[in-house]
Amino acid sequence: MRDQMEEFEMLLDDVLREVANPQPGTGLKQRVMMRLEMAAAQALELRGMAEVGLLDGGTKQESILSSLWSGLRELVLPSKLSPLVLESRPVVALDRMFEGRSYRAAGWAVVAHIFAILMVGFAATTKMHIAAPVRMVTTELVVPPQAPPKANAMHGGGGQRGPTPVTKGTPPKFAEQQLVAPKAPPMMEPKIHIEPTLEVQQDVRMASSVPQIGVANSPLLGMSMGSGKGGGMGSGNGNGVGPGSGGNTGGGLRQIGGGVSAPVLLYQVDPEFSEEARRSKTAGNVLVNLWVDEKGNPTHVHVIRGIGVGLDEKAVAAVKLYKFKPAMENEKPVTVEMNVEVTFHIF
Amino acid sequence: MGVRVQALTELVEDGRDELRCDVAMERDERFEEMVARQARFMFQVAFGLLRNRQDAEDAVQEAFLKLYRGEAWLRMENEKGFLARTVWRVALDHLPKAVERMTDVAEMQLAASGGSPEQSVVDEDERAVLRRLIDGLPEELRQPLVLSSVEEMTSREVAEAMGIPEGTVRTRVMRARTELRRRFVAMKEGQR
């Protein structure tokens, strides 16, 4: 048994030596060296290619993650680059646009610029009204003429419908309010005798020695109260004496002042601008004279001082539409004469 | 003055080049010597694993190439152990290919042998039986057994090459031998 085991061990060692120690083919060393040389040559070739840049860019490629990471790092902590060394040097080159400096040209340029700036400023500040509607402001100026002394305020008039002008005589008693008008004879004596009066200021005196009723300066003889209307004497209208209207004596209207209050403007109309005036840019004041009657309506409107170019007519048309509170005397509305100034202004 | 300095610099450069050249040549000579000395040994180690001449030779060449590219071989202490370890690792990479080729060859041999398995067993002598039994061992037993049988290779070098403790190598070798004997005896008894 032991012999068998020893025999087996010997056999096994023999077989193992044979199995574990095969002889390599002849020239193994040469083949190894050749392989090494080939590899070295290949490495040299690769290095050469890398030097000329064939492999550098082509085979190396950054992965997406590393690219992202480097981008982030560059954003947060940018790597400092080495300072740039300027290797090039400036070369003197001819400027083809250079033309030299001329003081004269510079002066002209300055003048032109100043002129242009002034023009722009002028255009900016000046308002050009070409076809835009013109806005007008009408300033109503009531010019109350200075009231004359009472003794000289002899306006007024009267008259009755008779065939002849008033005849020579002594005027009846003057009173503030006429109750009974003087009548030409034959006259029926009324039951209650009221002395006939004329509506004339009581401080007016008319000297006359003629016993009958009339006007002292009349050239006519006889008995007539005149050819006018109303209860007065003379050729006018109203209860006064003379050729005027209303009370008192003489011609013309009652004047504002004294016991006569001025009419108050209630309603006003802006006058229109005439096309002609707009074109010629005419502006100014038009003085208009008018009567304000007992109802406050303007009558007898006419221009005293005009400026033409159609503005006078426009002013009259506007004033005719005015409405007044009438002038008052002894708490009674009376007709007065007044002036109105209508202003035409272009902005 | 400048010319002289330049000439001197060139001289120094030349000297350096020569020196570099000398170093490289010396290194090549040393390597060549090592190849001549250890090629056979490395071939045997690779063959122990791969069991194929062609694959073993490829592994040896590749191992030397790796060594040549690096500098580690200049500093190695235990030359055989280091080289065995290197070629073993390279051969491990070749192992799948080698196993595939081996099965092909085995099948071909089986197909060409003709007669019954019994007959073939009777015809073969004991050495061939033993060779086949060794081949049939599990790899973890076979590898240390074969490597230990390589000439001039101690169990320490085997352990270094395989990357396992020396004690393990010895244990495995013992187990492998016992197993081989058991199988051999069993086969002999089966033949009778």
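**Aromatic pairs and helical architecture in the predicted model**

Across all chains, the count of aromatic pairs comes to seven. In one of these pairs, the ring centres of Phe8(A) and Phe184(B) lie 5.1 Å apart and the ring planes meet at 40 degrees, so the arrangement is classed as tilted, given that stacked pairs require planes under 30 degrees apart and edge-to-face pairs over 60. This pair crosses between chains, running from Phe8(A) in helix H1 (residues 2–20) of chain A to Phe184(B) in helix H8 (residues 166–191) of chain B. Phe8(A), with a relative accessibility of 5%, counts as buried, and Phe184(B) is likewise buried, with a relative accessible area of 8%, because the threshold for burial is set at under 20%. These values, as with the others reported here, come from a predicted model.

A further pair is formed by Phe31(B) and Phe64(B), whose ring centres are 6.0 Å apart and whose planes stand at 80 degrees, so that the geometry is edge-to-face. The pair links distant parts of the chain, with Phe31(B) placed in helix H1 (residues 2–50) of chain B and Phe64(B) in helix H2 (residues 53–69) of chain B, 33 residues apart. Both Phe31(B) and Phe64(B) are buried, and together with Tyr68(B) and Trp73(B) they make up one aromatic cluster.

Charged side chains are also found over aromatic faces in chain B. Arg27(B) is positioned over the face of Tyr68(B), at 5.0 Å from the ring centre, and Tyr68(B) is itself a member of the cluster that contains Phe31(B), Phe64(B) and Trp73(B). Lys80(B), in turn, lies over the face of Phe41(B), at 5.3 Å from the ring centre.

With regard to the fold of chain B, there are eight helices and zero strands, and the pattern read along the sequence is accordingly written α-α-α-α-α-α-α-α. Among contacts in chain B between residues at least 6 apart in sequence, 72% join residues at least 24 apart.

In chain A, helix H5 (residues 103–125) comprises 23 residues and reaches 33 Å from its first C-alpha to its last, which is close to the 33 Å expected at 1.5 Å a residue. H5(A) is hardly covered, the count of buried residues among its 23 residues being zero.

How values were computed. Residues numbered from 1 in each chain as written. Chains lettered and ligands numbered in written order. Predicted model: local features only at pLDDT ≥ 70, side-chain atom pairs only at ≥ 80, totals over all residues. Heavy atoms only, no water. Phe/Tyr/Trp six-rings, centres within 6.5 Å; stacked < 30°, edge-to-face > 60°. Helix = DSSP H or I, 4+ residues; strand = E, 2+ residues; numbered from the N terminus. Buried < 20%, exposed > 50% of the residue type's maximum accessible area, 1.4 Å probe, protein only. Lys NZ or Arg CZ within 6 Å of the ring centre and 35° of its normal. Expected span 1.5 Å × (residues − 1). Contact = heavy atoms within 4.5 Å.
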